[in-house]
Amino acid sequence: FTFVICAEVIRSQPCNTTVSIVADKPNPVCKGDVVTLQAIVTDGGNAPFFYWIVGGDTLSYTSSYTQAYFADQPVTIHVYSSAPCDPDSVLTTATYTVDVVELTLTPLSGIVKCKDATTDVTVTANGGTKDYTYSINGKDNGKDNTFKNLSPGTYQVIVTDANGCKDTFEIVVTKEVCKDPEPIPVFSPNGDGYNDVWYIRN
């Protein structure tokens, strides 16, 4: 009998590993958007090892990472090279920051005057891309940033920018504290020389 043994020889080689991160959505993204980040590795060997760091936590051991973002967040990928790289297990890193659109709204309060039953509240939005549209308690207010005839209470306002990014705010309307009326002294017989005598005219 004749046995033939075949062996594949994998030669070690120096590697110049590089890594970059590509996002499936360009910056900036809307608050709450789900973004997938993909690590692109070159010259990292046959089976490079991955892990992602987000806020100091290790969250994934694959070449991609997906999550929803509600604020700006840097994300770092760590890649260790593998055979046939020589030496192997060399660490290479890259960082990508997900930028999230932050909308703001002012003021977040209103006051109903003592003599009134309602008030108007005019708000100013910032952040994102103009123009903005508004809704209050589910009712569309269009581009009008004045909410009219609001009685005391709490209102939910949604602001949407030109790219469809939106955020929710609460406006609290309170009633002005009414002071008790102060009587005007017309008869004060206290000897101070003012209004000490009450004259009755016929």
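Guide: Start with Cys 178, which is partly exposed at a relative accessible area of 37%. Buried means under 20% relative accessible area, exposed means over 50%, and partly exposed is in between, with a 1.4 Å probe and protein chains only. The model is predicted, so local features need pLDDT of at least 70 and side-chain atom pairs pLDDT 80 or more, while totals for chains, interfaces and linings use all residues. Residues are numbered from 1 along each chain as its sequence is written, and side-chain values use heavy atoms, with hydrogens and water left out.

Visitor: With which cysteine does Cys 178 form a disulfide?

Guide: A disulfide here is a pair of cysteine sulfur atoms within 2.5 Å. The partner of Cys 178 is Cys 114, with the sulfur atoms 2.0 Å apart. The torsion about their S-S bond is about 125°, so this disulfide is right-handed. Cys 114 sits in the loop between S9 and strand S10 (119-122), and Cys 178 in the segment after S16, so the pair ties together parts that are 64 residues apart in sequence. Strands are DSSP runs of E with at least two residues, and helices are runs of H or I with at least four; both are numbered from the N terminus. Cys 114 is partly exposed, with a relative accessible area of 33%.

Visitor: How many disulfides does a search of the whole structure find?

Guide: The search finds three. Counting the bonded cysteines along the chain, their pattern is 1-3, 2-5, 4-6. Another of them joins Cys 15 to Cys 85, with 2.0 Å between the sulfur atoms. Its S-S torsion is about -90°, so it is left-handed. Cys 15 lies in the segment before strand S1 (18-23) and Cys 85 in the loop between strand S6 (73-80) and strand S7 (91-98), so parts 70 residues apart in sequence are tied together.

Visitor: Is Cys 85 buried or exposed?

Guide: Cys 85 counts as buried, at 5% relative accessibility. Cys 15 counts as partly exposed, at 26%.

Visitor: What about the disulfide of Cys 30?

Guide: Cys 30 is joined to Cys 165, S to S 1.9 Å. The torsion about this S-S bond is about -75°, so the disulfide is left-handed. The pair links distant parts of the chain, 135 residues apart: Cys 30 is in the loop between S1 and strand S2 (34-42), and Cys 165 in the loop between strand S15 (153-160) and strand S16 (166-175). Both Cys 30 and Cys 165 are buried.

Visitor: Next, the sheet. In which order do the strands form the open sheet?

Guide: Strands pair if DSSP finds at least two bridges between them. Here five strands form an open sheet with mixed pairing, in the order S9-S16-S15-S12-S13. Strand S9 (109-112) and strand S13 (139-142) are the edge strands, each pairing on one side only. Direction ignored, neighbouring strands of this sheet are turned by 25° against each other on average. The axes behind such values are lines fitted to C-alpha atoms, for helices over the stretch in contact, with angles from 0 to 180 degrees between N-to-C directions.

Visitor: How many bridges join strand S12 to S13?

Guide: Three bridges join strand S12 (residues 133-136) to S13, and the two run antiparallel. Ser 135 stands opposite Asp 140 in S13. In the loop between S12 and S13 is Asn 137; its phi is near 50°, a positive value in a residue other than glycine.

Visitor: How many helices and strands does the protein chain have?

Guide: The chain has zero helices and 16 strands. Of its 202 residues, 29% count as buried.
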